[in-house]
Amino acid sequence: MAEQFDAIVIGSGQGGNPLAVAMAQQGWKTAIVERRFVGGTCVNVGCTPTKTLVATARVAYLARRAKDFGITTGSVQIDMPAAIARKREIVARSRGSSTKRLTNTANLELIEGDATFTAPHGVAVRLNAGGQRTLTAERIVVDTGVRTHIPQLEGLSTISYLDNESILELEAVPEHLIILGGGVIALEFAQMFRRFGSAVTIVQAGPSLVEHEDEDISTELASILREDGITLLFNAHATSVASDNGILLSVDINGTTQQIHGSHLLLAAGRTPNIETLGLEHAGIELNEHGYIQTDEWLETNIGGVYAVGDVKGGPQFTHISYDDYRVLKANLLDKSYRTIKGRMVPYTIFTDPELGRIGMTEAEARHSGRSIKVAKMPMSYVARAFESAEERGFLKAVVDADTDQILGASCLGVNGGELATQIQIAMMGRITASRLRDATWSHPTWSEALNNLFSKYES
């Protein structure tokens, strides 16, 4: 006999966890099924561990620059086992906190196992401890996330390669790390391991890094990474890989074959949804053209009462978007208020050093929209706090509607770029004009003070 629940959540990521708790607190008998680690990608193999190691890498970077600040130090040595131990402790703390909340919530049962749909509202769970349970619920939410895309590359099955999870467990610094891909994950790991002491080569199939950004942003990021000693190969298509006292990667660059010899290979060219074992066909759940679960603006699939949140539904793959998905479903299912994902702002930060904080339209998107726009742009070297801190790399850029003076978007490539972009996002949310930011009185010398000068410098 199937066990009857009011709601089932499959996956315990940053959308599923708080939603399951909220449902249980509403008095619904709720099950949350997790086959691996409570907390999902963010807590276990994403934000928490990577930003912990990014912080370690920045300390090493600043230590090597000590002389720039009038300080004499000895040589900088990376204790990778200690760095990894620190990372594991922080992950365990975060995971433990999430697990405790789930297990201490009344009406909520954490079931450890692999869930598969057996019907539109039926799920079989193959338990990690052995055995199986069959569950049914009127409402089912899928939050199973994504993982590294494994390319069809000749010889890949014959070598040991890294993904965004396994690279976080390395206790020795790679001699030469080759990275396939030029997106967010590739850039963050490239700079991190360069600062740990690795030689790093990025192999990017396209003509630029983070290709959805404006060309000037991509170019500046490339310049920063090259300055840090990272080799960048563009229009480089990997054709084969072999084990040759390490890794031997063959790439085609504009018709010319080049071989790259490294010690380790990191795959960072795309993500793929975790749906293989879900048995979506048994429920009749449809996928979109990219292979992700299709939902409407209320996060409901084509099957009534079945929803998807977070990365598994496609779209922006950020923890804060997953969490906002939770808030959308909570509003509509529990609070009986109206909320949708349509038109929501999608801020994000790329945690290179300096950071790239982004909100709203790029310049290319704004021009394509047909609006009359003006572009404000200013190098970080114009920011007093930046040159006082010897952190002058990057620039600030904002796109403004020329007719209304409303800010359409911003790219903040600089130290604390994510925080500066958040300042601009708040202004956009309140419909505060660019001129009001220009004329505001900001504390000196702060990073936010840059907004005075930024909106005084229009290129067009």
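How much space lies in the second largest pocket? About 220 Å³. The views below come from a predicted model.

**View 1. The second largest pocket and its lining.** Rolling a probe the size of a water molecule over the atoms shows where empty space is left. Here, about 220 Å³ of space lies in the second largest pocket. Among the lining residues are His320, Ile321, Asp324 and Arg327. Arg339, Thr340, Lys342, Arg344, Met345 and Pro347 also line the pocket. So do Gln425 and Met429. By type, the lining holds 4 nonpolar, 3 polar and 5 charged residues.

**View 2. Helices at the second largest pocket.** Two helices, H8 (319–334) and H11 (417–429), each give at least two residues to the lining. Helix H8 supplies the largest share, 4 residues.

View 3. Strands of a sheet pair through backbone hydrogen bonds, either parallel or antiparallel. In this sheet the pairing is antiparallel, and the strand order is E16-E17-E20-E19-E18. Strands E16 (348–350) and E18 (373–379) form the edges, each pairing on one side only. Neighbouring strands are turned by 10° against each other on average, direction ignored.

**View 4. The pairing of E16 with E17.** Strand E17 covers residues 355–360. E16 and E17 pair in the antiparallel sense over 3 bridges. Tyr348 stands opposite Arg358 in E17.

**View 5. Helix H6 across the sheet strands.** Helix H6 spans residues 215–227. H6 lies across E17, E18, E19 (395–401) and E20 (407–414). Helix H6 runs at about 10° to E20.

Note on methods
Residues are numbered from 1 along each chain as its sequence is written. This is a predicted model: local features need pLDDT of at least 70, side-chain atom pairs count only at pLDDT 80 or more; totals for chains, interfaces and linings use all residues. Side-chain values use heavy atoms; hydrogens and water are left out. On a 1 Å grid over the protein atoms alone, a cavity is a set of points where a 1.4 Å probe fits but cannot get out, and a pocket is an open set with protein on both sides within 12 Å along at least five of seven lines; lining residues have an atom within 4 Å of a point. Grid points are joined across faces, edges and corners, and a volume is the space filled by probe spheres set on the points. Ala, Val, Leu, Ile, Met, Phe, Trp, Tyr, Cys and Pro count as nonpolar, Asp, Glu, Lys and Arg as charged, and the others, Gly among them, as polar. Two strands pair if DSSP finds at least two bridges between them. Axes are lines fitted to C-alpha atoms, for helices over the stretch in contact, and angles run from 0 to 180 degrees between N-to-C directions. Contact means heavy atoms within 4.5 Å.
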